[in-house]
Amino acid sequence: MKPARLVASEALCAVLDGASLARALPPRLSESDNPPLTQELVYGALRWHFHIEGLLGQLLERPIRDKDRILRCLLHVGLYQLMEMDLPPHAAVNETVAVTRALKRPWARGLVNAVLRRYQREAERLEASLDEADRLSHPRWLLERLRQAWPNEWQRICEENNRRPPMVLRVNRLRQSRDAYLQQLAAEGIEARPHPCSEVAIELARPVPVEALPGFADGAVSVQDAAAQLAARFLDPQPGERVLDACAAPGGKTAHLLEHAGGDLDLLALEMEPARLPALRETLERLGLEAEIRQGDAACPEDWWDGRPFDRILLDAPCSATGVLRRNPDIRVHRRPQDIARLQATQQSLLNALWPLLRPGGRLLYATCSVLPEENRERVAELVAGQADARLLPLPADCGSDAGCGLQILPGDEEMDGFFHALIEKRRDS
Ligand SMILES: C[S@@+](CC[C@H](N)C(=O)[O-])C[C@H]1O[C@@H](n2cnc3c(N)ncnc32)[C@H](O)[C@@H]1O
């Protein structure tokens, strides 16, 4: 076993070297003498990455050499504890300084100690000297885009991106009602409330490991944010219908569509990445649901479509994930401005390729976990402008705000992730 702070620093280094958090953290957690602490440190240090970099810019007299970048990660871990965690500060400092020995860099003991203690003494002045992007811990380019897109909301969006998200469940209504599951949670001492935006959503007061959830392994319930649960509510597939889930893995929405329609859909779950297919299969297996699973590129229907039109299509498109930074804090260090233009082109080609597969009278739901208009309403507006038979349908605005061409949920609206949904119907009479 290794000290939790050492494992956290190593995982952080792997992420900053380019790995995803999903790849960097899970295999290392088993080496930690305190996995929950390691997890909290890595998530927190990534959420506050740009803020901490801004502090280090003031605290370090000389840059740390690249071969010693693990020390920079250790300083991130140390500063995050002092800034945001409810730990006795002297313990946080001592335990962090002690990691220099395990890193075989005893010479760095003085450096780490000095930086952390100086932050303790001068926190107020150092914090006050940060510019806006560093204070809000966002890359400058993203802050600028958010400011332009959301002149009145950008600060709130950034603050929400820095908060810990709630754990939200989706009750499998083929197994039991939400009320019945709320009772089971209460019996286990797990505090929870029904979520107002989905009939099957439950928000927990505090996150718990999934193994602690009654019946999880047998498919009683899934973990899914309420904003993502709106997809099945809005697309509203009816029993017996032919449905395409065009970007399906890991299958959260595929499963919800099936649960919503009583398990009775002729559903094709398509996914381009072969490595993501096992997760999709496991999701359906755990929940006892059935769909046809295929590997394929949704932008090339000629490779996988049998010519039978779909009643409903869900396009949960690949996107910048700028609405879920609080859940996926590595996104904020990995995302680049040039990604957005590439994603826009992909989103438009997916929309254009899938539109002909819908029957007259059928409906397509376009969804992203982005808060950028160029990935959302602008893509839908372009589809509707280019297809004479496309008609945008209104969506209930009880859980988000009308974005012109769809419904935008901003991070924190009703405690939800940032999400965009637009429902488009194919006219019968054109
Ligand atoms: C936002 S995620 C989907 C999440 C999923 N709908 C759920 O609720 O669990 C987007 C998925 O689309 C896949 N994807 C990206 N481009 C694709 C394409 N051209 N065709 C099919 N799948 C694609 C990605 O590999 C990724 O698994």
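How many helices and strands does the chain have? And where does Lys253 sit, and is Lys253 buried or exposed?

Modeller: This is a predicted model, in which local features need pLDDT of at least 70 and side-chain atom pairs count only at pLDDT 80 or more, while totals for chains, interfaces and linings use all residues. Residues are numbered from 1 along each chain as its sequence is written, and side-chain values use heavy atoms, without hydrogens and water.

The chain has 18 helices and 13 strands, which are DSSP runs numbered from the N terminus (helices: H or I, at least four residues; strands: E, at least two). Its radius of gyration is 23 Å, close to the 22 Å that the globule rule gives for 430 residues, so the chain is as compact as a globular protein of that length. That radius is taken over C-alpha atoms, and the rule is 2.2 Å times the number of residues to the power 0.38. Along the principal axes, the C-alpha trace spans about 75 × 50 × 40 Å.

Of the 430 residues, 55% are buried, meaning under 20% relative accessible area with a 1.4 Å probe and protein chains only (exposed is over 50%, partly exposed in between). Lys253 is buried, with a relative accessible area of 13%. It lies in helix H14, which covers residues 252–260. Leaving aside neighbours within four places in sequence, Lys253 is in contact (heavy atoms within 4.5 Å) with Gln224, Ala228, Ala231, Asp245, Leu314, Asp316 and Phe419. Across the chain, 73% of the contacts with a separation of 6 or more are between residues 24 or more positions apart.
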